[in-house]
Amino acid sequence: DITDKLEICIRNIKDFDFIVTKNEKEATSELNLDTTSLKRDGYYIKTKGKSIYVVGNEDIGVLYGVYT
């Protein structure tokens, strides 16, 4: 049943922190990311520990990363 599968997915992601940011120096240096090489709609999705980072160079990149 799709509801059971969805509940399992939600339980699995509850323990993670989601950090969504636009080219923030703290996040990019901590993750060793070079956002200057990204195109306008580019983004990175990286994990570190129990954190999931979505980092884009511009707003549209962050949006696409979140949609992914």
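**Exercise 1. Work out how strands S2 and S3 are joined, and in which direction they run.**

Solution. Step one: count the bridges. S2 and S3 are joined by six bridges and run antiparallel; strands here are DSSP runs of E with at least two residues, helices are runs of H or I with at least four, and both are numbered from the N terminus. Two strands count as paired if DSSP finds at least two bridges between them.

Step two: pick out a facing pair. Lysine 48 is opposite serine 51 in S3.

Step three: look at the turn. S2 and S3 make a hairpin with two residues between them, and glycine 49 in that turn has a positive phi of about 60°.

Before going on, a word about the model. It is predicted, so local features need pLDDT of at least 70 and side-chain atom pairs count only at pLDDT 80 or more, while totals for chains, interfaces and linings use all residues. Residues are numbered from 1 along each chain as its sequence is written, and side-chain values use heavy atoms, leaving out hydrogens and water.

**Exercise 2. Find the residues of the largest nonpolar core, then follow leucine 33.**

Solution. Step one: list the members. The largest nonpolar core has five residues: Ala27, Leu31, Leu33, Tyr53 and Val55. Such a core is a set of buried Ala, Val, Leu, Ile, Met, Phe, Trp, Tyr and Cys residues joined through side-chain atoms within 4.5 Å.

Step two: locate leucine 33. It lies in the loop between helix H2 (25–30) and S2.

Step three: check its surroundings. Leaving out residues up to four places away in sequence, leucine 33 touches Thr28, Tyr44, Lys46 and Val55, where contact means heavy atoms within 4.5 Å. Leucine 33 and valine 55 are 22 residues apart in sequence and 8.9 Å apart in space, C-alpha to C-alpha.

**Exercise 3. Find the salt bridge and describe its two ends.**

Solution. Step one: search the whole structure. One salt bridge turns up, meaning a side-chain nitrogen of Lys or Arg within 4 Å of a carboxyl oxygen of Asp or Glu. Its partners are arginine 40 and glutamate 58, at 3.6 Å from N to O.

Arginine 40 is in the loop between H2 and S2, and glutamate 58 is in the loop between S3 and helix H3 (59–67). The pair links distant parts of the chain, 18 residues apart.

Step three: compare accessibility. Arginine 40, at 55%, counts as exposed, whereas glutamate 58, at 34%, counts as partly exposed.

Notes:
Buried < 20%, exposed > 50% of the residue type's maximum accessible area, 1.4 Å probe, protein only.
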